Amino acid sequence: MASIQGGRVAARALKTAGIDTIFGVVAGPMIEVFAGAQAEGMTVVGGRHEMNAGFMASAWGWQKQKPGILVAGSGPAVTNCITPLYVATESAMPLIVLGGSAFSNTTGAGGFQELDQVAACKPVAKWTGRVDSTERIGEWIHLAIGKALEGRPGGVYLDFPGEIAAHRIDEETAVWRTAPTVARPHPDPDAIARVADLLESAERPLLLIGKGAAWADAGPALAQLSDRGIPYVCSPMARGTIPDDHPNFANAARSHALKGADVVVMFGGRFNWIFGMGRRFAPDARIIHVDVEAEEFRSGAAVTLGITADAAATAQRLLAALEGRPLRSEGSGWLTGIREQARRNEEGARSVLTDAAVPINPYRVVAEVRDALPRDAIVTAEGEMIMGICRAMLPSYVNRSRLNAGTTGCMGVGAPYVVGSSLAAPDRLSVGILGDYAFGAAAMVVETAARVGAKPVFVVVNNEGIAGHMIQDGMLPPGSPRIASLLPARYDKLAEMVGAHAEHVSEPDAIRPALDRAFGAGELAVVHVQVDPKASRISGSNYLQ
Ligand SMILES: Cc1ncc(C[n+]2csc(CCOP(=O)(O)OP(=O)(O)O)c2C)c(N)n1
């Protein structure tokens with residue numbers, strides 16, 4: 001009878017589930033999983049830190065709609081996975097961490113890197129499990145995939161005691177499981193009738209679009225619903241679910257829209273801090289919340305009706321229910337008022353978009369990136385100031401193609417997200433517009449990207465610190481040593497370090513040619529743009545407020 005090693009069983013279970021790429025840092029007792037994946041012909045991305053590898057995996061999973069896989073050794077290797085698990089769970093991105101742990105016969109006796117890793121991961125994971133035999137690896141992976149993917153996606157942890165991956169078993173004793181076909185949850189017809197009535201009689205209806213709608217590919221149906229004259233506001237990572245150049249896109253008048261609406265329908269988002277804990281609506285607004293997780297319906301928002309259903313299915317049903325019925329809001333001035341407010345807000349920032357000043361205004365960088373990007377680019381924005389400017393100024397046009405610090409506001413996700421997205425969609429341009437702190441927090445992914453042949457472009461907007469010099473000069477004792485401001489380091493040298501395309505820009509008119517060269521190079525590139533460290537965000541241009 002043929003024998004098979006545990007690591008190979010794990011790899012085969014993943015491959016059978018359609019997962020062809022794994023990420024991680026090679027370490028015992030999981031080397032056999034990496035070896036198994038290579039033997040199965042999978043792409044194995046060996047990272048430089050589990051945290052970076054985890055964020056790469058999450059972005060890969062978000063793009064592929066499959067769980068990203070992060071494989072880590074034991075002890076500190078697994079504690080390094082806690083942040084990616086937390087971020088994935090909170091940002092609803094599917095991630096499975098396969099973590100090795102101490103050998104069972106050493107636990108309690110001071111085994112190497114011994115830690116109750118299941119307990120350590122539990123608070124930040126959607127689910128945790130421990131493989132109890134090499135025979136059942138396939139079954140445990142089957143369970144982990146379901147937990148990571150179904151309902152609201154998130155991060156899960158599966159523990160591999162030290163002996164599991166190296167152990168050999170008779171191939172016939174391995175337990176393999178097949179994925180079920182899962183039907184999308186459809187909305188209750190009575191609820192649809194009620195929402196259709198509310199939308200028909202609303203004077204100021206508003207659609208809200210969250211990541212769940214992006215995940216459900218609800219964009220086309222939501223666009224048609226909005227075409228009935230209903231404005232919509234997107235959460236930052238749901239941008240592009242409907243292309244941002246839709247005339248009813250209301251993010252630039254977000255506060256006005258949230259405060260003014262009398263009927264709000266939220267599709268696949270949560271009323272957390274990103275939507276002001278649901279506290280920004282008019283007291284008498286009717287709020288309908290559509291989500292796959294019914295527990296979301298009790299939140300800071302006074303939800304009138306919760307519908308446990310898929311966002312796309314619900315939008316389609318609503319569209320059908322409203323067919324041929326004129327909406328009271330049509331021609332009421334609500335939509336025109338929002339467009340007018342959006343125009344006024346955008347006007348306030350217009351002049352800085354073409355600012356010719358030296359040192360460069362960061363708004364000018366974002367404007368140049370906006371004009372140079374292909375429409376289908378996958379864009380990651382990260383930093384404090386620069387992420388805010390991108391949120392206000394940089395559109396997205398394609399579903400699930402906009403990433404940022406997400407629900408946890410975690411710095412260090414951006415550079416790995418750019419690489420993970422590029423690996424998931426190598427035919428599209430994956431670009432990161434990253435603050436110098438943000439890029440620096442994970443910059444060694446440049447080496448990983450070069451090694452695995454990924455071709456993303458990093459645009460590093462260097463304002464010399466955490467929000468430029470704003471914190472250093474404004475909030476710390478005058479003349480104190482630099483802790484929030486950083487050196488004007490030449491991050492383009494990191495591209496040179498690995499033989500990739502490097503650009504350094506310090507004049508505004510040089511930005512576009514440098515971007516064109518980098519975007520057209522067809523290779524890994526770092527575009528380093530030195531900007532004004534004293535520049536700050538224009539008040540009113542942060543549409544999240
Ligand atoms: C993991 C983590 N550590 C610390 C912070 C606090 N923090 C918020 S923004 C930021 C850095 C912003 O600087 P940069 O990336 O250079 O972008 P800028 O604001 O200058 O455009 C930090 C450290 C955080 N959000 N996440």
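These notebook entries record what I looked up in a predicted model, beginning with the ligand and continuing with the aromatic rings.

**Ligand shell.** I first listed the residues around the ligand and found 16, of which M385, G409, Y437, A438 and N463 come nearest.

A backbone N or O atom of G409 lies 2.8 Å from a nitrogen atom of the ligand. I noted that the ligand taken alone exposes 580 Å², of which the protein buries 74%. Two elements, α15 (385-393) and α17 (436-440), each give two or more residues to the shell; α17 gives the most, with three.

**Aromatic pairs.** I counted eight aromatic pairs. In one of them, the ring centres of W127 and W140 are 6.3 Å apart and the planes meet at 35°, so I recorded the pair as tilted. Because W127 belongs to strand β6 and W140 to helix α7, the pair ties together parts 13 residues apart in sequence. Both W127 and W140 are buried.

I next examined Y232 and F249, a tilted pair with 5.5 Å between centres and 40° between planes. Y232 lies in strand β10 and F249 in the loop between β10 and α11, 17 residues apart. Both residues, Y232 and F249, are buried.

**Further ring contacts.** I found F439, F458 and Y491 linked into a cluster by ring pairs. Finally, I noted R375 over the face of Y397, 3.9 Å from the ring centre.

Terms used
Residues are numbered from 1 along each chain as its sequence is written. This is a predicted model: local features need pLDDT of at least 70, side-chain atom pairs count only at pLDDT 80 or more; totals for chains, interfaces and linings use all residues. Side-chain values use heavy atoms; hydrogens and water are left out. A residue is near a molecule or strand if one of its heavy atoms lies within 4 Å of it. A polar contact is a pair of N or O atoms within 3.5 Å; within protein, one must be able to donate a hydrogen and the other to accept it, and residues adjacent in sequence count only if both atoms are side-chain atoms. Accessible areas come from the Shrake-Rupley method with a 1.4 Å probe; for residues, only the protein chains shown count as cover. Helices (H or I, at least four residues) and strands (E, at least two) are DSSP runs, numbered from the N terminus. Rings of Phe, Tyr and Trp (its six-membered ring) pair if their centres lie within 6.5 Å; planes under 30 degrees apart count as stacked, over 60 as edge-to-face and the rest as tilted. Buried means under 20% relative accessible area, exposed over 50%, partly exposed in between (1.4 Å probe, protein chains only). A charge sits over a ring if NZ of Lys or CZ of Arg is within 6 Å of the ring centre and within 35 degrees of the ring normal.
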